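User: I have a structure to go through with you. Can we take it step by step?

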Amino acid sequence: MLESTDFKVADLSLAEAGRHQIRLAEREMPGLMALREEFGQSKPLTGARIAGSLHMTVQTAVLIETLVVLGAQVRWASCNIFSTQDEAAAAVVVGTGSVDAPAGVPVFAWKGETLEEYWWAADKIFDFDEGANLILDDGGDATMYVLKGAQAELDGGVPTAGEDDPEDFKVLLAQVHSSLEASPGRFARMAAGIKGVSEETTTGVNRLYRLAEEGKLPFPAINVNDSVTKSKFDNRYGIRHSLPDGLNRATDVLIGGKIAVVVGYGDVGKGAAEALRGQGARVIVTEIDPICALQATMDGYQVEHLAAVAPSADIIITTTGNTRVVGVEVLQSLKPGAIVGNVGHFDDEIDLAGLAKLSGVTKVEVKAQVHEWRVPVPADLGLDRDRTDFLVLSEGRLLNLGNATGHPSFVMSASFANQVLAQIELWNSPDRYDDDVHRLAKELDEKVARLHLPALGARLSDLSKEQAEYIGVDVAGPYKPEHYRY
Ligand code: NAI
């Protein structure tokens with residue numbers, strides 16, 4: 001039974017509703033269910049104590065419970081203040097127990113956390129009696145938290161945040177500070193106990209590669225994002241589903257006929273553009289990478305500068321994982337009624353913090369996670385108006401999770417099957433991985449795809465021995481060289 005204080009969710013009485021949704025999701029997550037079947041007896045994660053930081057949705061509930069079936073102890077927080085589905089969080093906490101005596105997994109997540117609560121929850125996931133020994137991360141915040149704290153201990157104190165540092169960073173440092181005061185040496189112990197991290201998304205992976213280059217990664221990392229069965233499916237087909245879902249639930253505006261601008265044409269941008277075109281929007285793409293820009297043109301999209309198209313855009317969606325790609329001037333140039341949203345990992349893609357500093361800017365809450373910004377338009381923009389107003393979804397954070405419920409189960413099954421395999425690898429084969437960023441072997445990537453084909457009625461052809469020799473691969477795979485791009 002869980003200690004009554006050892007979890008924090010919105011409302012345990014939502015557990016039954018959450019359990020129904022989890023039950024339905026399991027049917028759509030053949031990869032995770034097959035891994036339960038394969039490893040449920042041998043329990044390869046026995047002894048693993050996993051600190052998880054990933055959107056606390058129904059699909060994540062199926063992931064958490066799979067890790068438990070495989071023998072792990074787990075503690076969980078969401079990696080975004082708006083993305084938790086409260087009924088899923090409640091169901092995971094209650095587990096096989098009752099609302100009065102929960103017996104599931106300690107979860108520290110609810111929809112609409114403050115930043116202070118977010119970083120408090122990030123701290124709580126490491127509170128196993130003997131400390132966490134693995135991290136399962138999405139965006140890198142849990143990893144950053146441990147490493148920032150450990151660095152502060154080495155430096156003899158928490159650094160002071162600069163005036164211009166983002167609010168998020170300031171709150172992170174405050175949490176490190178209070179945690180250190182309560183338990184000196186905590187972060188050094190935490191960092192020393194971690195055997196590895198598996199990272200879910202592009203932004204988190206970028207952070208890990210940078211740490212490794214600087215020689216600051218003290219444990220192995222597995223880049224789950226760049227398994228083909230993750231980024232080429234979740235980032236693309238997942239967003240193709242969940243972006244229009246978020247737009248519809250937030251605004252219910254007809255997308256057909258509108259001018260929609262997709263900022264960035266990577267995996268997520270490709271899915272976003274396809275979804276908007278599928279709804280009949282006239283889609284324009286902006287890119288900084290000539291290869292992705294050329295791909296966009298071949299796919300039939302106009303490629304333009306954002307400043308040139310923003311004043312006539314009805315919908316602008318950022319997908320870059322970069323900072324301030326929609327700047328203050330672009331926001332001031334938007335036409336009244338435009339909708340602006342982000343599906344990249346962090347909230348600084350749209351410079352709302354910069355806009356909020358201008359005088360005369362006001363913000364009205366239309367409903368939760370939908371705000372109307374009223375903004376003066378400077379005369380030097382040469383526009384025929386002196387004020388504008390536009391809608392911002394989820395305060396610039398991931399709108400597909402803030403305004404809707406994120407990607408659907410089937411595509412998350414592929415992503416999370418990679419996560420489970422990565423955790424098994426880190427726990428059972430530590431000698432294979434040094435303190436660097438690694439990808440899962442292609443055999444495992446192909447295995448994840450294989451696990452999902454029967455559910456869709458797909459029948460894979462057999463490669464003959466003669467054909468295998470002819471193209472220089474093994475009959476059982478892998479079927480492509482590492483440099484193949486799919
Ligand atoms: P990616 O690297 O494949 O694509 C990003 C693209 O943005 C690149 O092609 C890059 O050239 C372009 N870009 C960068 N700066 C730009 C600028 N100033 N203007 C125009 N284009 C610019 O990355 P991916 O996998 O598409 O991920 C993008 C973001 O979405 C990441 O933050 C990732 O973590 C996040 N993500 C969000 C998901 C969600 O459910 N909302 C799911 C998966 C990933």
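User: What percentage of the 486 residues in the chain is buried?

Analyst: Buried residues make up 50% of the 486 residues. Buried here is 20 or more other C-beta atoms within 10 Å of a residue's own, exposed is 12 or fewer, and partly exposed is in between, with C-beta atoms placed from the backbone. Two notes on the source. Residues are numbered from 1 along each chain as its sequence is written. This is a predicted model, where local features need pLDDT of at least 70, side-chain atom pairs count only at pLDDT 80 or more, and totals for chains, interfaces and linings use all residues.

User: How many helices and strands does the chain have?

Analyst: There are 19 helices and 15 strands. They are DSSP runs (helices H or I, at least four residues; strands E, at least two), numbered from the N terminus.

User: What is the radius of gyration, and what would a compact globule have?

Analyst: The chain has 23 Å, which agrees with the value near 23 Å for a compact globule of 486 residues. The radius is taken over C-alpha atoms, and the globule rule is 2.2 Å times the number of residues to the power 0.38. Along the principal axes, the C-alpha atoms fill a box of roughly 70 × 65 × 45 Å.

User: And what share of the contacts joins residues at least 24 apart?

Analyst: 75%, among contacts between residues at least 6 apart in sequence. A contact means that two C-beta atoms, placed from the backbone, lie within 7 Å.

User: Into which domains is the chain divided?

Analyst: Domain 1 covers 12-229 + 406-447, and domain 2 covers 238-402. Those bounds come from an automatic or database domain assignment. The contact between the two takes 14 residues from domain 1 and 14 residues from domain 2. On the domain 1 side, helix 9 gives the largest share, three residues. That side has four nonpolar, ten polar and no charged residues.

User: What counts as nonpolar, charged or polar?

Analyst: Ala, Val, Leu, Ile, Met, Phe, Trp, Tyr, Cys and Pro are nonpolar; Asp, Glu, Lys and Arg are charged; the others, Gly among them, are polar.

User: How far apart are the C-alpha centres of the two domains?

Analyst: The centres of domain 1 and domain 2 lie 30 Å apart.

User: Now the ligand. Why does it lie between the domains?

Analyst: Because domain 1 and domain 2 both give residues to the shell around the ligand. Of the 31 residues around the ligand, Gly-264, Gly-266, Val-268, Gly-321 and His-345 come nearest. A residue is near if its C-beta atom, placed from the backbone, lies within 6 Å of the molecule. By class, the shell has nine nonpolar, 18 polar and four charged residues.

User: Which helices each supply at least two residues of that shell?

Analyst: Helix 9 (202-213), helix 10 and helix 11 (267-278). Helix 10 gives the largest share, five residues.

User: Which residues does the UniProt "binding site" annotation cover?

Analyst: The unreviewed entry covers Thr-57, Asp-138, Glu-200, Lys-230 and Asp-234. UniProt positions are in the numbering used here, feature names are shortened, and annotations may be inferred rather than shown by experiment.

User: Where is Lys-230, and what does it touch?

Analyst: Lys-230 sits in helix 10, residues 228-251. It is buried because 28 other C-beta atoms lie within 10 Å. Leaving out residues up to four places away in sequence, Lys-230 touches Val-224, Asn-225, Ala-414, Ser-415 and Asn-418.

User: And where is Thr-57?

Analyst: Thr-57 is in the loop between strand 1 (49-53) and helix 3 (58-69). Thr-57 counts as buried, since it has 24 C-beta neighbours inside 10 Å. Its contacts, again without residues up to four places away in sequence, are Ser-83, Gln-85, Ala-88, Thr-405 and Gly-406.

User: Backbone next. What is the phi of Lys-43?

Analyst: About 45°, a positive phi although Lys-43 is not a glycine. Most residues other than glycine have a negative phi, and most peptide bonds are trans. Lys-43 lies in the loop between helix 2 (30-39) and strand 1. With 14 other C-beta atoms within 10 Å, Lys-43 is partly exposed.

User: What about Gln-369, buried or exposed?

Analyst: Gln-369 is buried, with 23 other C-beta atoms within 10 Å. Its phi is also positive, near 65°. Gln-369 is in the loop between strand 12 (362-367) and strand 13 (370-376).

User: Last one. Which peptide bond is cis, with omega near 0°?

Analyst: The one from Gly-477 to Pro-478. Pro-478 is in the segment after helix 19 (465-471).
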